[in-house]
Amino acid sequence: GGFGTVYAATRRCDGLAVAVKKCPKAQIPTWWRLCGTSVPMEVAAMHHLTHLQGVIQLLDYFENADDFVLVVERPPHAMDLFDYIAKCGA
């Protein structure tokens, strides 16, 4: 990810394939208010777009002392954007 590190993971409770993105707070460029709390713009945007088909769904997020952790759905044939551009072109 552009402002964090993304990991492929599996949700323990049901085996769902997810992506986990860890974003250091110091690298988050834009903050928004969501339910009275400051969150990265990415979290607020994904929260507001959950009703749109084709948008990766934000399943959960957590705030730690130094970073935010986002848990999002991971479609079965997902590919890193860099790898996709290298394979298919810009």
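The model is predicted: local features need pLDDT of at least 70, side-chain atom pairs count only at pLDDT 80 or more, and totals for chains, interfaces and linings use all residues. Residues are numbered from 1 along each chain as its sequence is written, and side-chain values use heavy atoms, leaving out hydrogens and water.

**Overall build**

- The protein has two helices and six strands. These are DSSP runs, numbered from the N terminus: helices are H or I with at least four residues, strands E with at least two.
- From the N terminus on, the order is β-β-β-β-α-β-β-α.
- The C-alpha atoms fill a box of roughly 40 × 30 × 25 Å, taken along the principal axes.
- Among contacts with a separation of 6 or more, 38% link residues 24 or more positions apart.

**Burial and surface**

- Of the 90 residues, 22% count as buried. Buried means under 20% relative accessible area, exposed over 50%, and partly exposed in between (1.4 Å probe, protein chains only).
- The protein exposes about 6500 Å². Carbon and sulfur atoms supply 58% of that area.

**The nonpolar core**

- The largest nonpolar core has 12 residues, including Ala 19, Ile 28, Met 46, Phe 68 and Leu 70. Such a core is a set of buried Ala, Val, Leu, Ile, Met, Phe, Trp, Tyr and Cys residues joined through side-chain atoms within 4.5 Å.
- Strand S2 (17-24), helix H1 (41-48) and strand S6 (67-73) each supply at least two of the core residues.
- In soluble globular proteins, nonpolar side chains tend to be buried together.
- Ala 19 is in contact with Val 6, Tyr 7, Leu 70, Val 71, Val 72, Glu 73 and Arg 74, leaving aside its neighbours within four places in sequence.

**Lys 21**

- Lys 21 is found in strand S2.
- Lys 21 counts as buried because its relative accessibility is 13%.
- The side chains of Lys 21 and Glu 42 are joined by a polar contact of 3.1 Å. A polar contact is a pair of N or O atoms within 3.5 Å; within protein, one must be able to donate a hydrogen and the other to accept it, and residues adjacent in sequence count only if both atoms are side-chain atoms.

**Met 79**

- Met 79 is found in the loop between S6 and helix H2 (81-88).
- Met 79 counts as partly exposed because its relative accessibility is 42%.
- Met 79 and Pro 24 are 55 residues apart in sequence and 23 Å apart in space, C-alpha to C-alpha.

Definitions and conventions:
Contact = heavy atoms within 4.5 Å. Areas by Shrake-Rupley, 256 points an atom, 1.4 Å probe, with all protein chains shown as cover.
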